[in-house]
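Student: I'd like to learn how to read pockets, accessibility and salt bridges from a set of coordinates. Could we walk through a case together?

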Amino acid sequence: MGDGFNFENLKTAILALSRATDWATARREWVLTGVYEADQPETCLCEHFPIIEICVIKNTITQAVAEVGNVCVKRFLGIRSDLIFAALKRIRKDITKSLNEDAIVLCLKNHLINQWGYEFLQDTKRKRSLSERQMSKRMDINRKVLTAMAHRGLRT
Ligand SMILES: [Zn+2]
C-alpha cells in the first residue's frame, strides 16, 4: 500500500459497524470524537500498520467506536486530522501558540471548552499580539487540551 490506505478494507470494516448497508449513507453515521498519540504503533481499521496518530471515530447510530489513522479519516470523513496533530505539537512546543480551526472544533465537541471559549479561540487564532488577559486565557486552554491529550486523547 503505497499511500498507507486500503479503501476497500476500510469500507468493509465500517459497513460492518454501521446501521446503513450502503456506503454513502453509512459514512454519514460517523463522527470524529477524539485524537491521541499512541505509545505503541497501532493498526488502522483499513489494516494499515503502523499508525501513531490515532483518530477515534464513533457511529452515532450504533455507538460503535473505531480507531483509524490520519489518511483514512481524511478520505472517509473529510477531516484534516493531521492538521489537528500539527496544532497540538505546536502548542506543546510553545504554549503561547494558537490552535487551528479543526482542533478548536474538536475541543468544543469534547466539551473541553464552552461556547465562549470556542468563540474566543476562533476570534483570536490568527492574532499574534494578544492582551495579557487574552494570552493567559489562551495558555489556560492550551494546557487543558494538552492534559486531555496526555490521558489517551481528547475523547467524549
Ligand atoms: Zn487506514
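Student: Let's start with one side chain: is Asp-140 buried, partly exposed or exposed?

Tutor: First, some ground rules. This is a predicted model, so local features need pLDDT of at least 70 and side-chain atom pairs count only at pLDDT 80 or more, while totals for chains, interfaces and linings use all residues. Residues are numbered from 1 along each chain as its sequence is written, and side-chain values use heavy atoms, with hydrogens and water left out. As for the classes, buried means under 20% relative accessible area, exposed over 50%, and partly exposed in between (1.4 Å probe, protein chains only). Asp-140 has a relative accessible area of 43%, so it is partly exposed.

Student: Which residue does Asp-140 pair with in a salt bridge?

Tutor: The general idea is a distance test: a side-chain nitrogen of Lys or Arg within 4 Å of a carboxyl oxygen of Asp or Glu. Here the partner is Arg-143, with the closest N and O atoms 3.6 Å apart. Arg-143 is partly exposed too, at 42%.

Student: Why are Asp-140 and Arg-143 about one helical turn apart?

Tutor: Because they sit three residues apart in helix H7 (residues 132–150). Helices (H or I, at least four residues) and strands (E, at least two) are DSSP runs, numbered from the N terminus.

Student: How many salt bridges does the structure hold?

Tutor: Six. One of them joins Glu-37 and Lys-89, at 3.8 Å from N to O. Glu-37 lies in strand S1 (residues 30–42) and Lys-89 in helix H4 (residues 81–93), so this pair ties together parts 52 residues apart in sequence. Glu-37 also bridges to Arg-92, at 3.0 Å between the closest N and O atoms.

Student: Which residues are linked in a network of salt bridges?

Tutor: Glu-37, Glu-53, Lys-89 and Arg-92. On accessibility, Glu-37 is partly exposed at 24%, Lys-89 at 37% and Arg-92 at 45%.

Student: And what is the volume of the largest pocket?

Tutor: Rolling a probe the size of a water molecule over the atoms shows where empty space is left. On a 1 Å grid over the protein atoms alone, using a 1.4 Å probe, a pocket is an open set of points with protein on both sides within 12 Å along at least five of seven lines; lining residues have an atom within 4 Å of a point. A volume is the space filled by probe spheres set on the points, which are joined across faces, edges and corners. Here that gives about 250 Å³. The lining includes Arg-90, Lys-97, Leu-99 and Arg-138.
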